[in-house]
Amino acid sequence: MYILKVDDKELYSVFQPIYSFSNQACIGAEVLVRGRNLLTNKATSVKDCLAAPKEMTKSNFTRQLNKIHLQNWQNKKSEQSWIFLNLDFQYFDSLSDLCISGLLNELNLKGNQLVVEVVESEIHDDVLFQNLIQSLRSYGCLIALDDFGAGHSNIDRIWKAQPDIVKLDRAVLIEATKSMRGQSILRNLTRLIQQAGSIALLEGVETKEQALLAMDVGVDLVQGFYFAKPERGFDIFKKGEERITEVTQLYPLYQKERKFVEKLQKRGYETLFDSLTGIDSAEELEYEMLTVSDLSFVKRFYILDYNGFQISEDHSQEEQNHSTMNESILKKGKGLCWKNRRYFIKAMQNPTQVYVSKPYRSLIDVELCLTVSKVIELINGIQVIACYDVHYRDKSISSVQISV
């Protein structure tokens, strides 16, 4: 094991493996620095480990540190695996500070074995950043954008850097474990990353439940204490692969339970339409819908024609703390066009089914709601779409209660 001695510290490498659900295997590892004080034999903080000694420039210290990391990985790595290496971009003043090409040549490494992690918050000089990225790519290195979703994340970094991998911060995962809305955000961020042409890696997975959630939202790669903690040796990698296999085997049951919960939730909303049968006209339908409009969870109801235009007034309960500015700016009632809304499109595609939308902010009162919609065929054969907007109250992902 290669070490670096600076001042009264001994610095060494630890590795945290990264896994792929699709490969069912470890595909590489992130290398991190750890250290101990040679005088007290106690662990040194990561901050102190990364502090360059006075007699060394920051770039030279970084080069020495990266050298032992790559040497230690070289000695232990499995074939066809990546090493994820953090580069401290905030201390880079020029391309000469990069030092990667020299290390690759000295250690006889291929650039495509190296994934360089860029911490988004450390990027201050866009021109230098672009030049650094271009140089790394010319060596064959892959680029990973780290800590995405934390702090002041800017989505334009994905467009500018075009990273091969985007690492979603643990903070996004924590929010996703608290509520359905947070879970939806994690799922959509994952899709955005993938649609932008990058691989989505979720950091900070610490429990089986979080691992199942990671698999469900569709991330490509996972990393975290549930699979393996950072260690000096590579023996831990196999244990993490066993966890990946376990999660994959449990996933069908996880899906089955989620579908069961969603079915329970949907049944609660389907009862809104129980009395809407054998209706002669849109006016009679409007009257029948009034019979449930006073339920506490119903915000409003309205009726759309076959082309998505509203043919009824908005019938809503009196809203508390309702902004008069919103009332004066945003139009209500007949004539509004909702043909591009999913609750209209989905209802028309499946006329016998009740459709429950995802939570969204209504243009009518600028509050979060769900829309529940269904095609109603009147006795004269004309089809209209009955819509209820209901209050959205975010709930835990473990809850089986409908959102009312």
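Mentor: A word on terms before we dig in: a strand here is a DSSP run of E with at least two residues, and strands are numbered from the N terminus. Keep in mind that this is a predicted model.

Let's start with Lys 9, which belongs to strand β2. Lys 9 is buried yet has no salt bridge. What the Lys 9 side chain does have is the backbone oxygen of Asp 48, 2.7 Å from one of its polar atoms. Past its sequence neighbours within four places, Lys 9 is in contact with Leu 4, Arg 36, Leu 38, Thr 44, Asp 48 and Ala 51.

Now move to Ser 20, also in strand β2, which covers residues 9-20. Ser 20 counts as buried because its relative accessibility is 3%, and the cut-off is under 20%. Its side chain makes a polar contact with the side chain of Ser 22 at 3.0 Å, and it also reaches the backbone nitrogen of Asn 23 at 2.9 Å. Leaving out residues up to four places away in sequence, Ser 20 touches Ala 25, Ile 27, Asp 220, Leu 221 and Ile 244.

On to the rings. Aromatic rings count as a pair if their centres lie within 6.5 Å, and the rule gives nine aromatic pairs. One of them joins Phe 234 and Phe 237, stacked at 4.6 Å centre to centre with 15° between the planes. Phe 234 is buried at 15% relative accessible area, and Phe 237 is buried at 12%. The rings of Phe 273 and Tyr 388 have centres 5.4 Å apart and planes at 75°, so that pair is edge-to-face. Phe 273 sits in the loop between α9 (236-270) and α10 (282-290) while Tyr 388 sits in strand β16 (residues 383-391), so the pair ties together parts 115 residues apart in sequence. Both Phe 273 and Tyr 388 are buried.

Phe 234 and Phe 237 also share one aromatic cluster with Phe 15. Finally, look for arginines over ring faces: Arg 232 lies over Tyr 12, at 3.8 Å from the ring centre, and Arg 243 lies over Tyr 226, at 4.3 Å from the ring centre.

Key:
Residues are numbered from 1 along each chain as its sequence is written. This is a predicted model: local features need pLDDT of at least 70, side-chain atom pairs count only at pLDDT 80 or more; totals for chains, interfaces and linings use all residues. Side-chain values use heavy atoms; hydrogens and water are left out. Rings of Phe, Tyr and Trp (its six-membered ring) pair if their centres lie within 6.5 Å; planes under 30 degrees apart count as stacked, over 60 as edge-to-face and the rest as tilted. Buried means under 20% relative accessible area, exposed over 50%, partly exposed in between (1.4 Å probe, protein chains only). Helices (H or I, at least four residues) and strands (E, at least two) are DSSP runs, numbered from the N terminus. A charge sits over a ring if NZ of Lys or CZ of Arg is within 6 Å of the ring centre and within 35 degrees of the ring normal. A polar contact is a pair of N or O atoms within 3.5 Å; within protein, one must be able to donate a hydrogen and the other to accept it, and residues adjacent in sequence count only if both atoms are side-chain atoms. Contact means heavy atoms within 4.5 Å. Lys and Arg count as positive and Asp and Glu as negative; His and the chain ends are not counted. A salt bridge is a side-chain nitrogen of Lys or Arg within 4 Å of a carboxyl oxygen of Asp or Glu.
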